[in-house]
Structures are given as structure tokens and as C-alpha cells.
Amino acid sequence: MSHPAGPIWESISGISRFAALATMAELGCADHLAEGPLNAEELAIRCGAHAPSLRRVLRELAGMGIVRSVGQDRYELTADGSSLRSDVPDSTLPAVRMIAEESFWYALGNLPTTVRQGRSAFVERYGPLYQRLGQHPEVGQIFDTYMTSRAMPFAEQVAERYDFSRVDTLVDVAGGKGHILAAVLHANPRMRGVLVDLDHVVPGATAALTAHGLMERCEVLAGDFFAQVPAGFDAYLLASILHNWDDQDAERILRRVREAIREDGRLLILEMVLPDEDEPHVGKDMDMRMLALFDGGTERTRQEYSVLLEKTGFRLTEVFDLSAGASLVEAVPV
């Protein structure tokens, strides 16, 4: 028989387990264990850590299935733990380091203050997220690595799941380094792409698309989606954009796209689409982070996206489910 407060105690324990995971990530333990088992003393020397303290963390990680005991005081990586190596595809290391970053911890720990006052305690202390990332390059680098690792699986799925055969040009609005655009263009050799983002993003996007060998088929432009987006194209992508903004600002962005898009065009929105039911969903976890980190940032249900689109001159036509709780929403102008 389960304990009536089981979910509560599980969540409380989860904080301690994540702290151990964050310690492993910050110390680079997975990279040091990649070549084989080490004892706590050996690992501590390589990590620059206090061996008795690290031994206690390893004990917790072993209970989580991240490392495994192989003899007296010796540990090796499990398959799950290997995902924390920095040199493996789809590494989980950037995600753990990002959530463990000092200001992110502050944001989540002060969620009660945010809910009480109706504005982000994080923003109140550190300023808007993207401003902080720009002012603190070390945090910006962690965030950039995290976003890149998060985007790659979605990029491949968007390219595989959506039929781009009738699309001439895809405009990636605020597309960052263009990971999704690159995946779509590689999968559709006759297509062209346009990436538009803020001035300081343009050099990195140009370098990334050049590395992909795609600049002959791409144009990278500086622009602000609150002012205007490149006009006259037949497909526009907003990937992980709208959830950063409240409905009023999201409507402003969508209206700029509506002004720009061809009447026979299609709008694609890559976001978490929340279920209406009470079932667990990773998007609900993400929504707590959006609440904590942004003044107005929010995940939305299908119905909420439908209403938002109708207000701005679009009609939601289909929702494609992707992995990790993400969805690709298709809409057309009306």
C-alpha cells in the first residue's frame, strides 16, 4: 500500500537527488569515469574535490542508478550515467548544468514569492533572463550549450515528421544558430532558408550555417520580431519563442508574422502543448520554470494556442506530437 503523501516525499527526495546529480555534472565526474572505474580518492583527485564528501555523493548516485559499485569504494558509470559525459551525442550534461546554475536555482527556490507577487523573483533580482545571459558570458555559454543540446533532437524530428515538399522557403524567426533550419534544409535539398534574429546572434548563426555548408541556400538577417519579420515567404517557424511571452506580447509577434506571410503560407510553432487533463506532462514541469524565470512566460494548451492564433489571423490546422513532450503546431492564414 502506497503512503498517502508519497508524491510529496518523492518530490522532497528529488531535490536531494538532483543536488547530487548537479555535483557530478559540475565536477565532470562522468568524463573522469569514462575510461573505467575509480575509487572515491582517485576520482576526487581528478575532480579537485574533497574525497569524503564526494564518496557520500557517489553513494547517492549509486542508489539512483547513475554509477555502480564495482568492489570496495570503486565506482563505474552506468548507461544512464554515461549520458552525462560531455563527449556523447544527446548529452544530458548541459541540461543539468543549466538547471543547477545559481540564478536558476534562485528562480525555482523563490517560486512562492513569484506566485505571491505575480512577477518573477528572478527578474526582480537578476533582470530579464536574456539580459543576464548577455552580461554574464559564462552563464550565457551554459545556456547556449543547453539550448543547442535541446534543439538537436527536435530539429531532426521536425525535418522527419513534417511534409516540407510544398515549401519553397522556410523563415526561422529568432532561430538562434539555425539547428532546426539546417536539419530541414538537409532533408529537403530544393528548399531555401532565411534566419532572422537579433544583431548579436547573426555572426554565430552565419558561422553555424556555413559549417553546415548551407549558406548558398540561406540568408541570415538581423531583425526584431516585435517590429517586423521578412515578408513574402510561404513558411515561417517559431521554435521555443511564444512560451517566453504573455498573451499580449505573443499576439504582437504573431501579428508581425501574419503581416509577412503569403496568403497560401503556413506557420509552424514548436512548443510544449499541454494536455487539458490532470495527467503528468513534461510541459507542466517546464511551465514552472517559465513562471519562475520570465514575467509572463507560459506554456499553453492546444485550445489556448487555437484562441491565440484566431486572434491574430490564423487557424490552427494540425498538431504533430514529437518526443520529450514537444509538439509542432501548424496554422494557416485566414
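## Helix α7

In this predicted model, the buried residues of α7 are Ser 103, Phe 104 and Ala 107, where buried means under 20% relative accessible area, exposed over 50% and partly exposed in between, with a 1.4 Å probe and protein chains only. Seen down the axis of α7, these buried residues fall within an arc of 100°, so they line one face of the helix; the arc is that of the directions from the helix axis to the C-beta atoms. An α-helix has 3.6 residues a turn, so residues three or four places apart point the same way.

On the other side of α7, Glu 102 and Gly 109 are exposed. The buried residues of α7 pack against α6, α8 (111–117), α9 (121–126), α10 (129–135), α11 and α15, contact being heavy atoms within 4.5 Å. Helices (H or I, at least four residues) and strands (E, at least two) are DSSP runs, numbered from the N terminus.

## The second largest pocket

The second largest pocket holds about 1,100 Å³ of space. Of the 28 residues that line this pocket, the closest to its centre are Phe 18, Ile 99, Val 282, Asp 285 and Arg 289. A pocket is, on a 1 Å grid over the protein atoms alone, an open set of points where a 1.4 Å probe fits, with protein on both sides within 12 Å along at least five of seven lines, and lining residues have an atom within 4 Å of a point; a volume is the space filled by probe spheres set on the points, which are joined across faces, edges and corners.

At least two lining residues come from each of α1 (6–27), α6 (93–100), α7 (102–109), α11 (137–161) and α15 (282–293), and α1 gives the largest share, 6 residues. The lining divides into 16 nonpolar, 7 polar and 5 charged residues, with Ala, Val, Leu, Ile, Met, Phe, Trp, Tyr, Cys and Pro counted as nonpolar, Asp, Glu, Lys and Arg as charged, and the others, Gly among them, as polar.

## Cysteines and backbone

The count of disulfides, pairs of cysteine sulfur atoms within 2.5 Å, comes to 0. The sulfur of Cys 47 is 3.8 Å from the closest cysteine sulfur, in Cys 29, which is too far for a bond. Cys 47 is buried at 13% relative accessible area, and Cys 218 is buried at 8%.

Asp 73, not a glycine, has a positive phi of about 60° and sits in the loop between β2 (67–69) and β3 (74–77). Ala 174 also has a positive phi, near 55°, in the loop between β4 (169–173) and α12 (179–187), and is buried at 18%.

## Basis of the values

Residues are numbered from 1 along each chain as its sequence is written, and side-chain values use heavy atoms, leaving out hydrogens and water. As the model is predicted, local features need pLDDT of at least 70 and side-chain atom pairs count only at pLDDT 80 or more, whereas totals for chains, interfaces and linings use all residues.
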